[in-house]
Amino acid sequence: AILLGMALQFSVMPLSGLVFASLFGLTGAVATGLVLIGSVPGGTASNVIALLARGNVPLSVTMTACSTLVSPLLTPLAMKTLAGTYVPIDAWAMMRSILVMIIAPLAVGLAVHHWLPALAKRLARWLPLVAMGGICMVIGITVAASREDLLSVGIALLAASVCHNATGYLTGFWAARIVGLNRTDSRTVALEVGIQNGGMATGLAFGVLNSPAAALASAVFGPWSAISSSVLASFWRRTEK
């Protein structure tokens, strides 16, 4: 299940980002952003949604961790291969950025949790609120900085994001069923493939690509995937036998 999820995460999602960008007439930095949101690992929101959907939460957490750990290699590779036709991609700079932005804080968090558990417990009470506020601020800045682009391609970008997100759910679920995974694990794989790490994509758009327009796809895809995954989790929870 883990290997299947990672394979789909870094193949189907980047490729479908490129396909839907082309189908909906997106070009330049905006199209690059859609490929970027498909090239990052799964988001931690998938773990919460897996819990709500009565999925396999340990599997979800493990898949998120594994895809995040390989992202310094596979995200720049996918971007260089697929998005290089839109804008120049510095794969080495992207790799360094992911290591600094994602892997280093993860290592610090694990160290604090291991050696300073009392401090970690106190921090856990308010850091989620800080994270939520930060996400809202980043989305606001992204939308404000790319207002003109959003006005011109907003509907097309939303439609492309809806199709991109749905492709992740469908391919994740049915590929898992085809290889023989049970329904619970198949739903977990679907959620993991369909929900992307929008924070990483936004950080790379600003920090490496230096393009607010490239961050638009994350600002649209992220909230939409939160809505769609919540609806999907509610449906699966009600239909569970």
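**Set-up.** I number residues from 1 along each chain as its sequence is written, and side-chain values use heavy atoms, with hydrogens and water left out. Because the model is predicted, local features need pLDDT of at least 70 and side-chain atom pairs count only at pLDDT 80 or more, while totals for chains, interfaces and linings use all residues.

**Pocket.** I searched a 1 Å grid over the protein atoms alone for pockets (open sets of points where a 1.4 Å probe fits, with protein on both sides within 12 Å along at least five of seven lines). The largest pocket holds about 1,900 Å³ of space, the volume being that filled by probe spheres set on the points, which are joined across faces, edges and corners. I counted 49 residues in its lining, where a lining residue has an atom within 4 Å of a point. Thr44, Ala45, Ala131, Ile135 and Asn197 lie nearest the centre. Helices here are DSSP runs of H or I, at least four residues, numbered from the N terminus. H7 gives the most to the lining, 14 residues.

**Cores.** I took a nonpolar core as a set of buried Ala, Val, Leu, Ile, Met, Phe, Trp, Tyr and Cys residues joined through side-chain atoms within 4.5 Å. Buried means under 20% relative accessible area with a 1.4 Å probe, protein chains only. The largest core has 43 residues, and Leu36 is among those with the most contacts inside it. H3 supplies the largest share of this core, 6 residues. A second, separate core of 11 residues includes Phe173 and Leu232. Leaving out residues up to four places away in sequence, Leu36 touches Met79, Ala201, Leu204, Ala205 and Leu209, contact meaning heavy atoms within 4.5 Å.

**Ser211.** I placed Ser211 in the loop between H10 and H11. Ser211 counts as buried because its relative accessibility is 13%.

**Helix H9.** Of the 12 residues in H9, 10 are buried, including Asp185, Arg187 and Glu192. The buried residues of H9 pack against H1, H2, H4, H5, H8 and H11.

Methods: Helices (H or I, at least four residues) and strands (E, at least two) are DSSP runs, numbered from the N terminus. Buried means under 20% relative accessible area, exposed over 50%, partly exposed in between (1.4 Å probe, protein chains only).
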